[in-house]
Amino acid sequence: MWSLLLLTALTVQAQTRQISGKITDQKDGQPVIGATVTVKGTTISTSTEVDGTFKLSVPANATTLVITSVGYKDVEVAVSETVNVSMAQGQSALSEVVVVGYGSQIQRDLTGNIARVKAKDLENLPLPSVDAALQGKAAGVYVNSQSGKLGQAVTVRVRGNSSISASSQPLYVLDGVPVTTDDQSSYGGAMNPLIDLNPNDIESMEVLKDAAAGAIYGSRAANGVVLITTKRGKSGKTNISANFQTGFAEATRRVDFLNAQQYAELFYRSAGARDQIDGIDPADPDSWTSYADWFMDYYSFGEYSASSTKTYNWQDKAFQKGSYNQADIQLSGGNDKTKFYASMQYLDQIGTVVGNNLKRLSGRLTIDHKAYDWLNVGFTSSLSRTTTRRLPGDNAFSNPVQASAIPTITPFNDPETGLLTGTPPGDEYRALYFNPFIAIEYARYIQSGYRNFSNAYASAKILPGLNFRSEFGLDLLAQQEDGYWGSENNRNTEAPNGIGEYNTAFVFNYNTNNYFTYTKEFGKSNLEATLGMQYQKATSNYSRVEGKDFPSNSYQKIASAATISGGSTSQSQFSFLSYFARANYKYDDKYLLSLSLRRDASSRFGKNSREGYFPAASVGWILSNENFLSKVDVLSFLKLRASYGVVGNAEIGNFPQLGLFTGDAGYAGAAGQRPSQIANPDLKWETTKQFDIGLDFGFFNNRISGELDYYVKNTSGLLLNVNIPATTGFTSQVRNVGKLENKGVEFVLNTQNLTGKFKWSTNINIARNKGKVNDLDGQVIEGGVGSMNRVMEGQPVGVFYAVEYAGVDPNNGDALFYKNTDNNGQIDKTTVNASGYGQASRVVVGDPNPDYVFGITNNFSYKGFDLSVFFNGVTGNQINIYGMGRYSSANFRFEDNQTADQMNAWTTPGQKTSIPQARLYRNNGAQISSRYIVDGDFIRLRNISLGYNLPASVTRRLKLEKLRFYVSGQNLLTITNYPYWDPEVNADDFDSNIAKGNDFYTSPQPRTILFGINIGL
């Protein structure tokens, strides 16, 4: 394949001519690095090197070059053998082309709100997936990486939650194909469905945030739309680039647990408190103090003293130094006839939690060919194989991070058998709980996925200004999960000789887009219209088989099982048929109007509501082109825009509208069927109506530019499983009931601070969103750890709803709770202790949704050096730590090792502390309450990258176009008051719209250091 591409590239060079030149700053004569030189009217382009020079192969009939660069005004010059240009300071970003869905527009003509992340924002970053690239880079887009496990799902919310029961993830469209984003895994929490895509293949990501931008995607745009455009070849010489990265990763922080001496001290104190409270004589063999003596001896404490008590740090066993190795190669080139792009990548990661690793091998090939003057054809196809060794879910004793709860006194290896503590035939209870490292040593769960993204197109010029484009795309996923648990795990008492399972998922998702585009200029008017249709169908097939009793751990495939103990197969599918239209009108280069309409019909909707219509309208006014502002020298650009539109959410599962039957064993084991779901022929999509008003501005030749937006989103017809009369034969039915709203403000500021030899630019984005549920039709919806997340009218989705903790009684060490009972409109703030806990009422005690989400990027360059520093963070949100807190921050409710702050537990009458008296096996304050709701604010140094480009004089001698060395750091610093590992968290067993902000021994984000080299030929 590579030989063919090289031969093609050499052949097309003969039809072009080579030009060269240098681009400099008009002010100081310094080279302009990274300026884009394009043959006007084509996509033939290149970029200037560190010394401002460029080389470009252009068609023989080319006459004009367009030169653009951020911070400079566009320049047009005649094509000649040598082109030397001085550029004046200004801004060309407004003339950049932005993908808008079934087409594109230049930035200055947009009337909708679209955030853009470009290829340069993705370069050289250890991104777990492409959606993580949006984190802190797009205003109003909240990205929560949730966990440090490799390949785990990422939460993305565009302008808040637009649903309660349906998905709130945005629609991802890759080169025109809606991507399968449903999680297909069955173990260890949700995996990221975008993990199979190579981020270095991406040219840009556009986030359609408002209804005007997203309505062209109709019933699936309520959560926002992310358009992913991959790289394509450009006319000019053949370019070969290679990138190599290697580095290491480690957990960002450690939780401060008790050492062995502290553990023993607090344990004895808690046992003595039980003797005192229960009135038992400590000399009595049945007393809790006597039990503490036995406990210390059994678990190898020996005589309690600082000298004889050894500390064993289980966290150091759970976490390890991970590694990161990645190699990329890209080949691109072509001329005005044929262009190509090809890439390959190999990624090998070892996670920072023991037993977790990921490998990905991917390749992509793209060809664009001008068959005739009127016809362009092309295709792109990628294939990847991703293999991950999965870890158990956060809420599992077999998860290595839960080893932190094991008391420090327990040695890792049993002194009698030499085996892992807790491994039969040794004492399986020696570690108090199941030793998670047994699951690492004697079990495995491997997930392997094969993914193909393909798209072919033909674009024809039918008449002057009228084009037709037809696309056909595929997203194919073949996934297999292979799990085995040896007898040492005691996973299933019915399988003393091991148990294995094998799961497969195959998703065949295909899509076709066919649409006309018409452009016409007449007088001062400019019209662009689009009319087309889309059809998508996706079919998913699943199978599962389980086997028990294997000869030994050397046999781990189902074929070796003595008993095939279970198995099943299933299939699911959905389809959409859509028609869409859009018209963009511009008058006098300052008055803008955009109208769009989409009609969706889907198999997911009820037969009485099969079709939906989604209109949108937006206007724009470029005030800076008006005469009354033309003499304002400081003003470079000013545009006012407003939009209103209707979009939907169809991510409701495939069959909630149907009356379903289930086949199973009937009377006396005979085959039979029974009704399992009542039909709702009126079920339809959730509907979101959104208003947006925004201002785009630029000052001082656009050295200062930005955006300011205000929006209101109202969602109605929420898809909820509501209670129905039992006389129907069912207890619930999915219906469209309920309403919620989101209101917010977004602000983006871009500044070119210094533009001389030393360059410094800054990007700041900050967004505030406030959500509220307006109507629930009387439903009670709860979830999360301890069912503390709740959906309730007048509050954001998923607020924490629990008894309010009132601190500690200084007289006796009792935990106290507020009654909070509403008496004639008054809140009762009297307190009760543990025995009166049932009298206390629940109230809203926190909100997992952040008030503000922000990102700050500073870019510096001097000669061949470049430095990028990127911070992001959130404020105003809370996190539920009850999952871990009820065990490890609970003043010895159980034997788990405690966090160090528990040493401050009450001991003496009159003492003021927030931690109740430690009472062994007594629930003194570990009940569900606001005690375990903490602030989740953080500011994180997400990335810092320092690079050096060797001078052109050196690279020429090496016969290279580019040679760059760099070092990059990810998550180097986190500023937070969060008490556990990581505030950017959500336990994988509780991931949903409702169950947000939960920590259950969840793995922290890794701190990663990378060393890399870029080579260009």
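I take helices (H or I, at least four residues) and strands (E, at least two) as DSSP runs, numbered from the N terminus. I note that this is a predicted model, in which local features need pLDDT of at least 70 and side-chain atom pairs count only at pLDDT 80 or more, while totals for chains, interfaces and linings use all residues. Residues are numbered from 1 along each chain as its sequence is written, and side-chain values use heavy atoms, with hydrogens and water left out.

Whole chain. I looked up the secondary structure and found nine helices and 53 strands in the chain. The radius of gyration, taken over C-alpha atoms, is 31 Å, which agrees with the value near 31 Å that a compact globule of 1017 residues would have, the globule rule being 2.2 Å times the number of residues to the power 0.38. I also noted that buried residues make up 56% of the 1017 residues, where buried means under 20% relative accessible area with a 1.4 Å probe and protein chains only.

Second largest pocket. I worked on a 1 Å grid over the protein atoms alone, where a pocket is an open set of points with protein on both sides within 12 Å along at least five of seven lines, a cavity is a set where a 1.4 Å probe fits but cannot get out, and lining residues have an atom within 4 Å of a point. The second largest pocket is lined by 49 residues, and Ser167, Gln169, Thr181, Asp182 and Asp183 lie nearest its centre. Strands that each supply at least two residues of this lining include β12 (155-158), β13 (171-174) and β24 (499-522), but β25 gives the most, with four residues.

Largest cavity. I found about 540 Å³ for the volume of the largest cavity, a volume being the space filled by probe spheres set on grid points that are joined across faces, edges and corners. This cavity is lined by 46 residues, of which Tyr142, Arg157, Pro848, Asn849 and Pro850 are the closest to its centre. The largest share of the lining, six residues, comes from β37, and β12 is also among the strands that each supply at least two residues here.

I followed three strands that form an open antiparallel sheet in the order β41-β42-β45, counting two strands as paired if DSSP finds at least two bridges between them. The edge strands, β41 (805-808) and β45 (831-832), each pair on one side only. I checked that β42 (residues 815-818) and β45 pair over two bridges, and that Thr831 in β45 is the bridge partner of Tyr818.

Methods:
Buried < 20%, exposed > 50% of the residue type's maximum accessible area, 1.4 Å probe, protein only.
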